Amino acid sequence: MMLPLLRCGRHAFELSRPLVMGILNVTPDSFSDGGRHLDAGPALAHARRMRDDGADLIDVGGESSRPGAAPVAGSDELARVIPLVAALAAEGVAVSVDTRKPEVMRAAIDAGAAMINDIGALTAPGAMQALAGSGAGICLMHMQGDPRTMQAAPVYGNVVAEVRDFLLARARACEAAGIARERVAIDPGFGFGKTHGHNLVLLRSMRALAATGYPVVAGLSRKSTLGEITGRDVRERLPASLAAALAAVARGAAIVRVHDVRETVDALKVWRAVERATDASQCAAEPDDLPEG
Ligand code: 9MG
């Protein structure tokens, strides 16, 4: 049987196991000097650590998409993102760039980005064309409203059907623009114009998105919906993030977008070993599998 494939520039991912996309935010509250210019050293070191920990893709973003976040000028976003993309791509890393701006998409692809991660699903004028002439992969994310206002009062009739239909329509628009199906992934956009209840229903219904045939990206890492369940501050959401990632892949998600790569890779290894266990593996006599110590 042919395995499904996700083509991202010179990288082709066989989707025989869930992929891990490591998050590299290069906004003023992360690695920049508080202004326009990025301190590329620590950001590069962090990206390399995520790669060594097993990230399949590194998602570089220079504009915050948190609820209430203000837009960033294209020139600032370019200055933050492009040097990093060029350096990582030169090392063979599959780099995804989280942007809504066509000029950033074009410059990122020219600098070697393998994928564009667009929380606007290529709805900005010129965004579809920026992708069409390239071989880059595209992650189409659903968002109701925009980051400044999206959490004010999200409303849906049927959140799963509306998100799925929107993503399918955007994926078809990509195909019509000449972007091959194998280059497209979809993402329900947890927290982007969704209440806590909407997020939970979408996660529970992940199979309905996976049934579209497009690889599904799930981004729940450290999000406030996990804080709502656990009562934990953002710095203490690792266990909740791991549980959410496992809940997503168990329901068919192909890629998890996470901050904590090493821990997620380990959790997925355990999940996968359980999924692949056969009766034959039980035949060899083993001592009781008790924890050491
Ligand atoms: C940029 N960004 C923040 N959260 C995200 C999510 O859940 N998915 C994708 N694709 N991008 C996200």
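At what angle do helix 1 (residues 40–52) and helix 2 (residues 74–90) pack, and how far apart are their axes? You'll find that in the first close-up below. A quick heads-up: this is a predicted model, where local features need pLDDT of at least 70, side-chain atom pairs count only at pLDDT 80 or more, and totals for chains, interfaces and linings use all residues. Residues are numbered from 1 along each chain as its sequence is written, and side-chain values use heavy atoms, with hydrogens and water left out.

**View 1. Helix 1 packs against helix 2 at an angle of about 40°.** Their axes are 11 Å apart. (Helices are DSSP runs of H or I with at least four residues, strands are runs of E with at least two, and both are numbered from the N terminus. Axes are lines fitted to C-alpha atoms, for helices over the stretch in contact, and angles run from 0 to 180 degrees between N-to-C directions.) That angle makes helix 1 oblique to helix 2; under 35 degrees counts as roughly parallel, over 145 as roughly antiparallel, 65 to 115 as roughly perpendicular, and the rest as oblique. Ala40, Ala43, Leu44 and Ala47 of helix 1 touch Leu84, Ala87 and Leu88 of helix 2, where contact means heavy atoms within 4.5 Å. Sorted by class, that's seven nonpolar residues, no polar and no charged. (Ala, Val, Leu, Ile, Met, Phe, Trp, Tyr, Cys and Pro count as nonpolar, Asp, Glu, Lys and Arg as charged, and the others, Gly among them, as polar.)

**View 2. Helix 9 (residues 238–250) meets helix 10 at about 45°.** Here the axes sit 10 Å apart, and the two helices are oblique to each other. Helix 9 passes helix 10 in a right-handed crossing. On the helix 9 side, look for Leu238, Leu242, Ala245, Leu246, Val249 and Ala250; they meet Glu263, Thr264, Ala267, Leu268 and Trp271 in helix 10. By class, this contact has nine nonpolar residues, one polar and one charged.

**View 3. Helix 5 (residues 159–176) crosses helix 6 at roughly 70°.** The axes come within 9 Å, and the pair is roughly perpendicular. This crossing is right-handed too. Val159, Val160 and Val163 of helix 5 make the contact with His198, Val201 and Leu202 of helix 6.

**View 4. The largest pocket has a volume of about 1,000 Å³.** Closest to its centre, out of 41 lining residues, are Asn25, Arg66, Ser221, Lys223 and His259. (On a 1 Å grid over the protein atoms alone, a pocket is an open set of points where a 1.4 Å probe fits, with protein on both sides within 12 Å along at least five of seven lines; lining residues have an atom within 4 Å of a point. Points are joined across faces, edges and corners, and the volume is the space filled by probe spheres set on them.) Strand 3 (19–25), helix 6 (196–204) and helix 8 (224–230) each supply at least two lining residues. The lining holds eleven nonpolar, 19 polar and eleven charged residues.

Technical notes
A crossing is left-handed if the near helix is turned anticlockwise from the far one by less than a right angle, and right-handed if clockwise.
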